[in-house]
Amino acid sequence: MTDQKAVNGDVTDQKAVDGDVTAQKVVEGDVAGQQAVEFDAFERAGWRGRSEAYGRGVAQITGQIVGPLLDAAQVGAGIRVLDIGCGPGGVSAAALARGAVVTAADAEPEMVAATARRLPGIWVEHAILPVLPFEDGEFDTAVGNLVINHVGDPPAAVREIRRVVRTGGRVALSCWFYPAMRATVVFDEAVALVGLPRPADVPQTAPFQVYAQPEPFAELLASAGLTQVRVELLEWRHRVDPDAWWTAILTGTARTAAVIARQNPATIERVKEAYHEILIPYLTGDGHADLPAAALIASGTA
């Protein structure tokens, strides 16, 4: 897996196996470790085949975080940047526009290929946290836009990210901030309103969720050895066509899509009706919905 590379759209020597989480060892009786492995395996399977849908829909809201994330990481001309969890390449493209020297990485091979096609010439790796195929201190800064909430072992992931950044370099990571993040919560509320049980194989929550508040997020970075840690709150409104947003979430996410899209057509329609009911307070005169969105950006010095 560490020698899998994609340059100019060519993805070669793919060695990722479904559910294989490299270098994650689970000691017998280690419940947390087993849950981490199971969560990572679900994420790998859940994101397969969703890169194009993600780029068309969900990337429109995650893209609002990119500029402030790069600011927090002090990304500018000549800076060697690692974009972790690059997705279809939005952060990498913005960093390139600032004159940075960009390397990208993602756990999903389709995202690797998408970024390589979008940004010919940059180096793109297939890599699954908490293992990165880079040397100690190889980068001036590392950024991860909404990636830390998709890993089974957040502390190990942040330590690994810290490892590949030079002393004095920067690390910046983002996550959604609940309950202010209404744009996605409305789907969970629709599921609850219908009383839809969560499938047994779908994680109840992400392991990162216990860190998704300012103080715990800051402590997560500090415990990995980062200093001068600060957490910034971003708030904005996500304007969407309700039907288009419904499609975007059901086709371009992993956990939410697994809960809803697996149901029979009648049940899916009930959830959709509940979703539209919940959106009523956010509707505008032209039929769009103006949904509150919020994210945290935690950054620190290596």
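Which residues form one aromatic cluster?

Modeller: This is a predicted model, in which local features need pLDDT of at least 70, side-chain atom pairs count only at pLDDT 80 or more, and totals for chains, interfaces and linings use all residues. Residues are numbered from 1 along each chain as its sequence is written, and side-chain values use heavy atoms, with hydrogens and water left out.

The cluster consists of Phe187, Trp246 and Tyr275. Rings of Phe, Tyr and Trp (its six-membered ring) pair if their centres lie within 6.5 Å; planes under 30 degrees apart count as stacked, over 60 as edge-to-face and the rest as tilted. Seven aromatic pairs are counted by this rule. In one of them, the ring centres of Trp176 and Trp236 are 6.3 Å apart and the planes stand at 40°, so this pair is tilted. Trp176 belongs to strand S7 (residues 165-176) and Trp236 to strand S8 (residues 227-240), so the pair ties together parts 60 residues apart in sequence. Strands (E, at least two residues) and helices (H or I, at least four) are DSSP runs, numbered from the N terminus. Trp176 is buried at 12% relative accessibility, and Trp236 is buried at 16%; buried means under 20% relative accessible area, exposed over 50%, and partly exposed in between (1.4 Å probe, protein chains only).

Trp246 lies in helix H10 (residues 242-252) and Tyr275 in helix H12 (residues 265-279), so parts 29 residues apart in sequence are tied together. Trp246 and Tyr275 are both buried.
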